[in-house]
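Keep the sequence and the structure open beside you as you read.

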Amino acid sequence: MMTLKVNGRDHQVDAEADTPLLYVLRNDLALNAAKFGCGLGQCGSCTVIVDGKAVLSCVTPLVLVEGKQVTTLEGLGTVAAPAPIQRAFMEEQAAQCGYCIAGMMMRAQALLMRNAKPSDAQIRAELEPNLCRCGTHMRILRAVHHAARLMDTADAASDRSVR
């Protein structure tokens, strides 16, 4: 038995230490945003955030995430109250087939947590490991900038409410 902290909650999972995180997220915890794409860490559709860093969950064994905070797309927001990154991707209509989008959003979220105002080059470098075959790259780029503005506005509003 292993304890995983996912989206702020502890979960007891009965899995081998070398089981890929993706399998437990999807099969045991019913968190299906992270997708199984290639299973080799080459497409990025399985990206989640572990302790603030974008991680390819299909090649990350459970033993490496025990005691760490795992965040999936489901942990960012809800349908009624989407997180800024989710809202921006919807408003910019950045998804086409939708298969890569969860991974793209998670990698973009990790970037925005480190860098609130990334340049186009920084966004492209961060998203480079994730494949999108639909060709919505320019919309995705716009969505990340849009999310940065939304997050900046939310931070400013939070600062005003504290005073």
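## Salt bridges

Arg 87 is partly exposed, at a relative accessible area of 38%. Here's the scale for that: buried means under 20% relative accessible area, exposed means over 50%, and partly exposed is in between (1.4 Å probe, protein chains only). Before going further, note that this is a predicted model, where local features need pLDDT of at least 70 and side-chain atom pairs count only at pLDDT 80 or more, while totals for chains, interfaces and linings use all residues. Residues are numbered from 1 along each chain as its sequence is written, and side-chain values use heavy atoms, with hydrogens and water left out.

Back to Arg 87: it pairs up with Glu 91 in a salt bridge, with the closest N and O atoms 2.8 Å apart. (A salt bridge here is a side-chain nitrogen of Lys or Arg within 4 Å of a carboxyl oxygen of Asp or Glu.) Both Glu 91 and Arg 87 sit in helix α2 (residues 84-91), 4 residues apart, which is about one turn of the helix. Helices (H or I, at least four residues) and strands (E, at least two) are DSSP runs, numbered from the N terminus. Glu 91 is also partly exposed, at 41% relative accessibility.

How many salt bridges does the structure hold? The count is 3. Another one joins Glu 92 to Arg 142, and here the closest N and O atoms are 3.3 Å apart. Glu 92 counts as buried at 18% relative accessibility, while Arg 142 is partly exposed at 41%.

Then there's Arg 114 with Glu 126, whose closest N and O atoms are 2.8 Å apart. That pair also links distant parts of the chain, with Arg 114 in helix α3 and Glu 126 in helix α4 (residues 120-127), 12 residues apart. Is Arg 114 buried or exposed? Arg 114 is exposed, because its relative accessible area is 52%. Glu 126, on the other hand, is buried at 14%.

## Surface patches

Tyr 23, Phe 36 and Tyr 99 make a nonpolar surface patch of about 300 Å². Patches are built from residues with over 30% relative accessible area and no salt bridge; like charges are joined within 9 Å, and nonpolar side chains (Val, Leu, Ile, Met, Phe, Trp, Tyr) within 5 Å. Phe 36 sits in the loop between α1 (21-28) and β3 (47-50), and is partly exposed at 39% relative accessible area.

There's a negative patch too, formed by Asp 14, Glu 16, Asp 18 and Asp 28. Asp 28 belongs to helix α1 and is partly exposed, with a relative accessible area of 45%.

## A buried loop residue and an exposed helix residue

Asn 130 is found in the loop between α4 and α5. Asn 130 counts as buried because its relative accessible area is 5%. Leaving out residues up to four places away in sequence, Asn 130 touches Cys 43, Gly 44, Thr 47, Gly 103, Met 104 and Arg 107 (contact means heavy atoms within 4.5 Å).

Ala 121, in helix α4, is exposed at 55% relative accessibility. The C-alpha atoms of Ala 121 and Val 70 are 27 Å apart, and the two residues are 51 residues apart along the chain.

Definitions and conventions. Areas by Shrake-Rupley, 256 points an atom, 1.4 Å probe, with all protein chains shown as cover. Lys, Arg positive; Asp, Glu negative; His and termini not counted. Charge placed at Lys NZ, Arg CZ, Asp CG, Glu CD.
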